[in-house]
Amino acid sequence: MLVERVPSLGECRGLLKRLKVDGNVVRHSEVVLRVAERICRGLRRKEVAVDWPLVAAACLLHDVCKLDSSLEPREGHEVAGGKLLRELGFPAVARLVERHVLDSGGGLESVEEEVLFYADKRVEWDKVVSLRERLA
């Protein structure tokens, strides 16, 4: 079985810095990471297996292309982020990033995808909010 490489939190933060990702996006991603960490702790207490390093990397990198003005008009940030992460050798992280947007098509296929999706939806900018507030 081939194990796909997942970047460490330090590598993710270094990548965000190298790519000059907007500070608001970085702050949002850090809060998403904290929310996901709490969710994963709860899941582990209920003996649900979760790949925390994968979730953590995806949380920090899910919006890596969010404000990139070079995106083609019809390409969403989740698609562009997935492409970038595949090019960098992180296909497992790319899969989660590609699926973290409501309209990205298809259902969520793993616990890791669900955690990222939910954690992202609970964070508006850099503030944790209720789902009702976030989706309004």
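Colleague: Where do I begin? How many helices and strands are there in the protein?

Modeller: Begin with the inventory. This predicted model has seven helices and two strands. Their order along the sequence is α-α-α-α-α-α-β-β-α.

Colleague: What share of the residues in the protein is buried?

Modeller: Of the 136 residues, 42% are buried. The surface can be described too: the protein exposes about 8200 Å², and carbon and sulfur atoms supply 53% of that area.

Colleague: And how do I read contacts along the chain? Among contacts between residues at least 6 apart in sequence, what percentage joins residues at least 24 apart?

Modeller: The figure is 55% of those contacts.

Colleague: Now a pair of helices. At what angle do helix α4 and helix α5 pack?

Modeller: The general idea is to compare the N-to-C directions of the two axes. An angle over 145 degrees counts as roughly antiparallel. Here α4, residues 77-87, and α5, residues 91-98, pack at about 180°, and their axes are 8 Å apart. The two helices are therefore roughly antiparallel to each other.

Colleague: Which residues meet where α4 contacts α5?

Modeller: From α4 the residues are Glu78, Gly81, Gly82, Lys83, Leu85 and Arg86. From α5 they are Pro91, Val93, Ala94, Arg95, Val97 and Glu98. By type, the residues of this contact divide into five nonpolar, two polar and five charged.

Colleague: Why do residues three or four places apart in a helix point the same way?

Modeller: An α-helix has 3.6 residues a turn, so residues at that spacing point the same way.

Colleague: How many salt bridges does a search of the whole structure find?

Modeller: The search finds nine. One of them joins Arg13 and Glu30, with the closest N and O atoms 2.7 Å apart. Arg13 is in helix α1, residues 9-18, and Glu30 is in helix α2; the two are 17 residues apart and link distant parts of the chain. Arg13 is partly exposed, with a relative accessible area of 36%.

Colleague: Which residues do salt bridges with shared partners join into one network?

Modeller: Begin with one pair. Glu113 forms a salt bridge with Arg99, the closest N and O atoms being 3.0 Å apart. Glu113 is in helix α6, while Arg99 is in the loop between α5 and α6, 14 residues away. Shared partners join Arg99, Glu109 and Glu113 into one network.

Colleague: Is Glu113 buried or exposed?

Modeller: A residue under 20% relative accessible area is called buried. Glu113 counts as buried, at 8% relative accessibility.

Colleague: How many of the residues of helix α6 are buried?

Modeller: Eight of the 11 residues of α6, residues 111-121, are buried, so this helix is largely enclosed by the rest of the structure. The buried residues are Glu112, Glu113, Val115, Leu116, Phe117, Ala119, Asp120 and Lys121. They pack against α2, α3, α5, β1 and α7.

Colleague: Last, backbone angles. What is the phi of Lys20?

Modeller: Phi of Lys20 is near 55°, a positive value in a residue other than glycine. Lys20 is in the loop between α1 and α2 and counts as exposed, at 73% relative accessibility. Trp125 also has a phi near 55°. Trp125 is in the loop between β1 and β2 and counts as exposed, at 65%.

Definitions and conventions
Residues are numbered from 1 along each chain as its sequence is written. This is a predicted model: local features need pLDDT of at least 70, side-chain atom pairs count only at pLDDT 80 or more; totals for chains, interfaces and linings use all residues. Side-chain values use heavy atoms; hydrogens and water are left out. Axes are lines fitted to C-alpha atoms, for helices over the stretch in contact, and angles run from 0 to 180 degrees between N-to-C directions. Helices (H or I, at least four residues) and strands (E, at least two) are DSSP runs, numbered from the N terminus. Angles under 35 degrees count as roughly parallel, over 145 as roughly antiparallel, 65 to 115 as roughly perpendicular and the rest as oblique. Contact means heavy atoms within 4.5 Å. Ala, Val, Leu, Ile, Met, Phe, Trp, Tyr, Cys and Pro count as nonpolar, Asp, Glu, Lys and Arg as charged, and the others, Gly among them, as polar. Buried means under 20% relative accessible area, exposed over 50%, partly exposed in between (1.4 Å probe, protein chains only). Accessible areas come from the Shrake-Rupley method with a 1.4 Å probe; for residues, only the protein chains shown count as cover. A salt bridge is a side-chain nitrogen of Lys or Arg within 4 Å of a carboxyl oxygen of Asp or Glu.
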